[in-house]
Structure formats: structure tokens, C-alpha cells
Amino acid sequence: MARYDNYRVYKLNIESVEQLQLLQLIEHHSDGYTFLSDPVNLNTTVKLVVAPHKAAEFGEFNQRFSLNAEVAFENLQVLIDRQLRGRRETFGWTAYQTLEDIYAWLDTLIEQYPDVVSPIVAGESYEGREIRGVKVSYKQGNPAVFMEGTIHAREWISAATVTWILNALLTSEDLAVRNIAENYDWYVVPVANPDGYVYTHTTTRLWRKTRSRQNVLCYGADPNRNWDYKFNQGGTSTIPCSDTFSGPAPFSEIETRTLSEYIRSIPNLSTYLDFHASGQLLMIPYGHTTEPLDNYYELMEIGTKAAAKLQERHGSIYKVGNIAEIIYVASGSSLDWVKGTLKTPLTFAYELRDTGEYGFLLPPEQIIPTAEETLDSVIVILEEGKAMGYH
């Protein structure tokens, strides 16, 4: 496992075109540097990991380009160690879960609830792993919900939130939870990028992409820029080593190609929910344009009510808007493909906790609060969607 002892994390406000160009150049030639959030737009804040051997060089950049870099964390390894804390013998949500643990837990659900839970294989990976999940169905004729996590490998809170919600659908006695559990068919995939997810547990915690070999030095494509809808129309990179490399062609990655085929096969699909981290955003299509396309205004109304409900439990404030509006232009995403190609009416992507302190290195004690408030908002999305006739 790669260690990040004495790697500093800096917080940077991008205030000039010159600063933005510098940071994008660093991103494209990233030896010794790793961005925890992408340098895409002016007047945004990013976090940059700087290796000890790059400290002097970065100090020069900081002075020459007036970056006014603030140290967010002195030692990245301390954060990573904190995330790995609290491992338990039994499956639960006081610690982050490995792929092996998640798949074993899915098997126990299939055994425990044979009349309700059935296994699904939603795709396969470059290294030969199955993209596994389960279908939860209490009766025939329900509209379908597809819920997916961890398409970006390093966003561990995503998988943990999806598994917690899945557990609640089966075990909660809350009437609102029982209502959505039993009146929808749930197709749940906790880890959409299994190769990358395993790699973050065994080798490099900060890995984001798939693990396909692109050339002698570069591996992987960004699986959330690789879908065949408005491919490479902004917010992507054509440089294979970049974290936002879209791939050599749409659906070049076996993960996205097979997953799309599975989603397309789901009967009566009314809702698609995609979970990422971080930023506390509830996003609707599209990522390639800020134009209010399709049922934008209805989704904004639903999203605003969902975010208000989410805030009630723990006070977390989420922004609502289309991807290009509230985060940045990002084309070729799964959310946009599901909306633009399948015309699925209710399509939402979450950027879960937090708003910048830890990012996707969120401490494990925040797993359960994050999942609780997220489920509150999912209930509202489905209830409001039903009220509008979308199911």
C-alpha cells in the first residue's frame, strides 16, 4: 500500500487565468502532485496533495504565481489512517468496507431474504471482476429504481451509503422507508468500479479511474466521462494519465459498456440515483450544458424539497442544480446517458459529504449520519416523483 507520510494537502483559491493554467499543467504532468478536486474553473477552491520531494518546487510556484496556498493538512497519511480505523469482524457502518466484504454481505442478504432479494450481475471489469448487486422486490409490477455507488474508486463514502440504504430497505420499520422499499423494485450496485475500488484498498488510496492499460505509463479512464452521450464535449481530458481522461472512445471501458447494457435492460425504470463524493450537491442533468433541458424545472423542484428534508436531520446543506451549473462542465457521465438515451424521468447524482474539510477522505464516524440524511432525501425524491406522475 502506497504511503503518504508527510505529503501536505494545500487549499488553493483560483483567482486568475494564469493560476488556473498553472494548476491544469500540474494536473496533466502530475508527478508528485495529486488533486483531490479538479482545477476546472476560476473563482473555485481546490485541494492539492504535494509530495515531500516537490515541496521546494511548489514553494516557488506559490510565490511566483501568488497562489496564497494554505496548508489544510500537514500529513495526508494521518487522514488515511483515520479512514482505515475501526475495522470490525462483522459487517457494519462504523468502518469502510472492502469489495470482498461487500460481496460476502450481499450473499448473506440473498440467503436471509430469499423471497425478496435476488443476485444481479450488472457488468464486468477489465481485471475480470463481476459488478455485483442485488434486486430487492416485494411484489410484481413495481416501478424500478437503479441505485449505484463508487463509479469513482476513491469515493468510499459512496459504497458505504449505498449499502446502508440497502440495509434500511430490508430492516427498517419506519413507515416511509417501508413504503418506498415495498412499492419499488430496487436494483442496487454498491461498487460500479470494482477494479479501482480494490486498488484504493490495496495499493493507492487516491486512485479514481478504472484499471485498463492505456500505454506504458498510464492506466485507466474516468468511468464517469466514458459514457456514450455528448462524449468529450467539455470537462474531460484526452491525456491518458489525467484523472479525467475520458478514454480513447465512448464505452471503451468494459465497466461502463456492460453496466449501460444492464441498465438499459431494466423494465419500467423510473428513477436513477448515482452517488459520489464530495461537495454536498444534489445534481440533475446535464453536464455538457447549463441549458434547462427536458424536465429540468420539475427535477429542480423535487431536488430542492429533497435537499430541505436532508438538512433537517443533521443540518447538512446541499446545493441543487444541473451538473454544469453547480460543479463544472463534465460530459460523458452516467447520469447524462441515462437521461439523454433512456429518457428516465427521475435522474439524480449526489456529491455526498463534506464541503471540503476531508473531501473523499471522510472519517468513518460520518458514514451513518451521511447515509441517514441521504435516505431522508431519497424518500422525498420518490414521493414527489410519484405526486408528479413519474412512476
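Hi everyone, let me start with the rings: this structure holds 19 aromatic pairs. By a pair I mean rings of Phe, Tyr and Trp (its six-membered ring) with centres within 6.5 Å; planes under 30 degrees apart count as stacked, over 60 as edge-to-face, and the rest as tilted.

Before I go on, a word on the source. This is a predicted model, where local features need pLDDT of at least 70 and side-chain atom pairs count only at pLDDT 80 or more, while totals for chains, interfaces and linings use all residues. Residues are numbered from 1 along each chain as its sequence is written, and side-chain values use heavy atoms, with hydrogens and water left out.

Back to the rings. Among the pairs is a tilted one, Y33 with F58, at 6.5 Å centre to centre and 55° between the planes. Y33 belongs to strand β2 (residues 33-35) and F58 to helix α2 (residues 55-64), so this pair ties together parts that are 25 residues apart in sequence. Those element names come from DSSP runs, numbered from the N terminus: helices are H or I with at least four residues, strands are E with at least two.

Buried here means under 20% relative accessible area, exposed means over 50%, and partly exposed is in between, using a 1.4 Å probe and protein chains only.

Now to a strand, β7, residues 144-149. How many of its residues are buried? Six of its six, so to speak a mostly covered strand. In a regular strand the side chains alternate between the two faces of the sheet. In β7 both faces are covered: A144, F146 and E148 are buried on one side, and V145, M147 and G149 on the other.

Who are the neighbours? Strand β7 runs parallel to β8 (residues 185-189), joined by five bridges, and E148 stands opposite V189 there. Strand β9 (residues 269-277) is also parallel to β7, with six bridges, and T271 is the bridge partner of V145. Pairing requires at least two DSSP bridges between two strands.
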